[in-house]
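Subject: Handover of a structure and notes on its contents

Dear colleague,

Please find the structure below, together with its sequence. My notes on what was found in it follow directly after.

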Amino acid sequence: MFSRSAAVLLAMLVLVLYAVKPAFAHEKEEGTVVKAGEGKLVLTSKGKEKPNTREVAKDAPVTIDGKPAKLEDLKEGFHVVVALGEKHLVTKIEAHSKAK
């Protein structure tokens, strides 16, 4: 009886973790800043030629060289790694002023 209950409990736990995982998963995108400001980030993604525009969440933390910054502080040519949430909304920006 106990082993059957344990197996059912384990199966339920696996299903819950499988269902919750996408809510915590963040897709990342790496590239170079073309333009930033007014809630948008234009960047050329690594391995791509054409720049693309991403909407930036109002509460998205921005850092430059590990220090807190604002979206408007990002300059053309900065290397960035961004975390993307639902509908590719930028939820976090880590920038480096020097090329990597």
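A residue counts as buried when its relative accessible area is under 20%, as exposed when that area is over 50%, and as partly exposed in between. Lys92, at 37% relative accessibility, therefore counts as partly exposed. Please keep in mind throughout that this is a predicted model.

**Overall layout**

The chain has 1 helix and 7 strands. Read from the N terminus, the elements follow the order α-β-β-β-β-β-β-β. Of its 100 residues, 27% count as buried. The accessible surface of the chain amounts to about 7,700 Å², and carbon and sulfur atoms account for 60% of that surface. Among contacts between residues at least 6 apart in sequence, 47% join residues at least 24 apart.

**The sheet**

The 7 strands form an open sheet with mixed pairing, in the order β3-β2-β1-β6-β7-β4-β5. At its edges stand β3 (52-55) and β5 (67-69); each has a single partner strand, so one side of each is left without a neighbour in the sheet. On average, neighbouring strands of this sheet are turned by 40° against each other, direction ignored.

How many of the residues of strand β6 are buried? In this strand, residues 79-84, the count is 6 of the 6, so β6 is largely enclosed by the rest of the structure. Both of its faces are covered: His79, Val81 and Ala83 are buried on one side, and Val80, Val82 and Leu84 are buried on the other.

β6 pairs with β1 in the antiparallel sense over 6 bridges, and within this pairing Glu27 stands opposite Leu84. β6 also pairs with strand β7 (residues 90-96), again in the antiparallel sense and over 6 bridges. Here His79 stands opposite His96, and Val81 stands opposite Glu94. β6 and β7 form a hairpin with 5 residues between them, and Lys87 in the turn has a positive phi of about 55°.

Glu29 is found in strand β1, which covers residues 27-37. Is Glu29 buried or exposed? Its relative accessible area is 10%, so Glu29 is buried. Leaving aside neighbours within four places in sequence, Glu29 is in contact with several residues, including Leu43, Asn52, Arg54, Val80 and Val82.

Thr32 lies in strand β1 as well, but Thr32 is partly exposed, with a relative accessible area of 36%. Not counting residues up to four places away in sequence, Thr32 touches Val42, Leu43, Thr44, Gly77 and Phe78. Thr32 and Lys75 are 43 residues apart in sequence, while their C-alpha atoms are 9.5 Å apart in space.

**Salt bridges**

Side chains of opposite charge can pair when their charged atoms come close.

- Glu29 forms a salt bridge with Arg54, and the closest N and O atoms are 2.8 Å apart. Glu29 lies in strand β1 and Arg54 in strand β3, so the pair ties together parts that are 25 residues apart in sequence. The side chains of Glu29 and Arg54 are also joined by a polar contact of 2.8 Å. Arg54 counts as buried at 18% relative accessibility, and Glu29 counts as buried at 10%.
- Glu30 forms a salt bridge with Lys46, with the closest N and O atoms 3.6 Å apart. This pair links distant parts of the chain, 16 residues apart: Glu30 is in strand β1, and Lys46 is in the loop between β2 (40-45) and β3. Glu30 counts as partly exposed at 30% relative accessibility, whereas Lys46 is exposed, with a relative accessible area of 63%.
- Lys92 and Glu94 meet through their side chains in a salt bridge of 3.2 Å, N to O. Glu94 is partly exposed, with a relative accessible area of 31%, and Lys92 counts as partly exposed at 37%.

Yours sincerely,

A colleague

How values were computed
Residues numbered from 1 in each chain as written. Predicted model: local features only at pLDDT ≥ 70, side-chain atom pairs only at ≥ 80, totals over all residues. Heavy atoms only, no water. Helix = DSSP H or I, 4+ residues; strand = E, 2+ residues; numbered from the N terminus. Buried < 20%, exposed > 50% of the residue type's maximum accessible area, 1.4 Å probe, protein only. Polar contact = N/O pair within 3.5 Å; in protein donor to acceptor, adjacent residues only side chain to side chain. Contact = heavy atoms within 4.5 Å. Areas by Shrake-Rupley, 256 points an atom, 1.4 Å probe, with all protein chains shown as cover. Pairing = 2+ DSSP bridges. Axes fitted to C-alpha atoms, helices over the stretch in contact; angles between N-to-C directions. Salt bridge = Lys/Arg side-chain N within 4 Å of Asp/Glu carboxyl O.
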